[in-house]
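Let's take a walk through a protein model together. Keep the picture open and turn it as you read.

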Amino acid sequence: MFTVAKMLQLLIFKGHRVLAGKRGLEHRVQSVDFLEVPDPERWGTANSFTFTTGYAFRDTPSRLVQIIESFSRSGAAGLGIKLGRFIDAVPHEVLHLADSLNFPLILLPMGFAYSTAARTVVKEILQAESAEKRKTSDPDSLFRLEQDPAELLAALTQHGWSPQQQIWSLQWDNLPPSVPSEVLVLRASKFSVNETARLIAAAKFRETAGDFVRFLQSDMPEALKNCCVGVSGPFPLERFTQSFAEAQAAASIGRQLSFTEGVFVYQELELMELVRSGALPQELREAAQTCLQPLLDEDSRSGGSLVSTLRSWFAHNASPAMTAQALHIHRNTLRYRLERIEQLIPLKRYGSAPYQLALFLLENHRL
């Protein structure tokens, strides 16, 4: 896969500097573009790296904030900028935004020529994709998904998979430190390795995401070390394109939450992805309620107060003494409630960020 990091290793980029968004250097680059139009926010495309002299925002460099937000939502690979001709510096708020979005912002070297860049980078992209296609000539390699999903589905079907089979999809953010010779031996699975790794595994009847994550942690612990692994499902096999897109998003969210390893389930983190993609308020409210639904259901069923307990726990910086005092309960009662909360939502797996956000949306929109 041809990435921003690999592109910057080319001789024409000698002397470049990564201004912000270093965590996004592994973004895939499949095309290049040049941004000198009056409405630059409209022109970001998935996996495209864009070059600019800043002409389009020469009078208002802060406009880069809207450009980067728009490009990040579209899945663009990054932005390279030449300083000194139309703008002299990149505003601090732009650098902070690019870092927060893991969106690579590159200072291009002096003498950088668009025409040379276009020819060189496109040539490298074509060579990399040709090599990748050769690596994935196996008809049922899961890395054929981008080239020909219909052919991949047909190949898997020939190997005994039903298009209606419910599956979990897994996407590693890099190559696992240990690729097991036998994966998920207790169920049907397909494991493919390229520069990273992908997996589909048959879902069991009524299996929850928590059940499946615990199964992974016990069945293939070495392959989960030092990696962010995204999980999505269960979906019918025939929808594996959507499933893998969600698995990739989940792994990306894990990195953006500053985890260096872990298993991240898209359905449990959809709220974070909707915030990242600029979703509408109603979508955010619905996702917030879904995020906390197990606690809401438990409170409704038992007349309990798990939601208010979690809110107070966050408000008092996870202090048992201060939380118990604020709620006027014994610390043993608080401990029981927290144990019940952790049984219902994966608080330990993700930390507080998704649930603090969900509580904020619940409280401020009165769902």
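What follows goes from the sheet to the cores, and then to the charged pairs.

A quick word on the ground rules. This is a predicted model, where local features need pLDDT of at least 70 and side-chain atom pairs count only at pLDDT 80 or more, while totals for chains, interfaces and linings use all residues. Residues are numbered from 1 along each chain as its sequence is written, and side-chain values use heavy atoms, with hydrogens and water left out.

Let's start with the sheet. Helices (H or I, at least four residues) and strands (E, at least two) are DSSP runs, numbered from the N terminus. Two strands count as paired if DSSP finds at least two bridges between them. Strands of a sheet pair through backbone hydrogen bonds, either parallel or antiparallel. Here, five strands make an open sheet in the order β1-β5-β4-β3-β2, and the pairing is mixed. At the edges sit β1 (17-20) and β2 (31-34), each of which pairs on one side only. From one strand to the next, the twist averages 25 degrees. Angles like this one run from 0 to 180 degrees between N-to-C directions, and the axes are lines fitted to C-alpha atoms, for helices over the stretch in contact.

Now look at β1 and its partner. β1 pairs with strand β5 (residues 105-107) in the antiparallel sense, over three bridges. In β5, Leu105 is the bridge partner of Ala20. Helix α3 (residues 92-100) packs on the sheet and touches β1 and β5, its direction making about 90 degrees with that of β1. Touching, or contact, means heavy atoms within 4.5 Å.

Which parts do the buried residues of helix α2 pack against? They pack against β3 (48-52), β4 (78-81), α3 and β5. A residue is buried if its relative accessible area is under 20%, exposed if over 50%, and partly exposed in between (1.4 Å probe, protein chains only). In α2 (residues 64-74), the buried residues are Leu64, Val65, Ile67, Ile68, Ser70, Phe71 and Ser72. After α2 comes Gly75, with a positive phi near 85 degrees.

Next, the cores. In soluble globular proteins, nonpolar side chains tend to be buried together. A nonpolar core is a set of buried Ala, Val, Leu, Ile, Met, Phe, Trp, Tyr and Cys residues joined through side-chain atoms within 4.5 Å. The largest one here has 57 residues, and the members with the most contacts inside it are Leu170, Trp172, Leu216, Leu310 and Tyr355. Helix α9 (residues 281-302) gives the largest share of this core, six residues. There is also a second, separate core of 22 residues, and Ala20, Phe57, Ala98 and Leu101 are among them.

On to the charges. Side chains of opposite charge can pair when their charged atoms come close. A salt bridge is a side-chain nitrogen of Lys or Arg within 4 Å of a carboxyl oxygen of Asp or Glu, and the whole structure has 12 of them.

One of these joins Glu222 and Lys225, at 3.0 Å from N to O. Glu222 is partly exposed at 41% relative accessible area, and Lys225 is partly exposed too, at 39%. Another salt bridge, between Glu273 and Arg276, has an N to O distance of 2.5 Å. Both residues lie in helix α8 (residues 266-276), three residues apart, about one turn of the helix. Glu273 is buried at 16%, whereas Arg276 is partly exposed at 23%.

What about Glu298 and Arg340? Their closest N and O atoms are 3.3 Å apart in a salt bridge. Glu298 lies in helix α9 and Arg340 in helix α12 (residues 331-344), so the pair ties together parts that are 42 residues apart in sequence. Glu298 is buried at 12%, while Arg340 is partly exposed at 24%. Salt bridges with shared partners join Glu298, Arg301 and Arg340 into one network.
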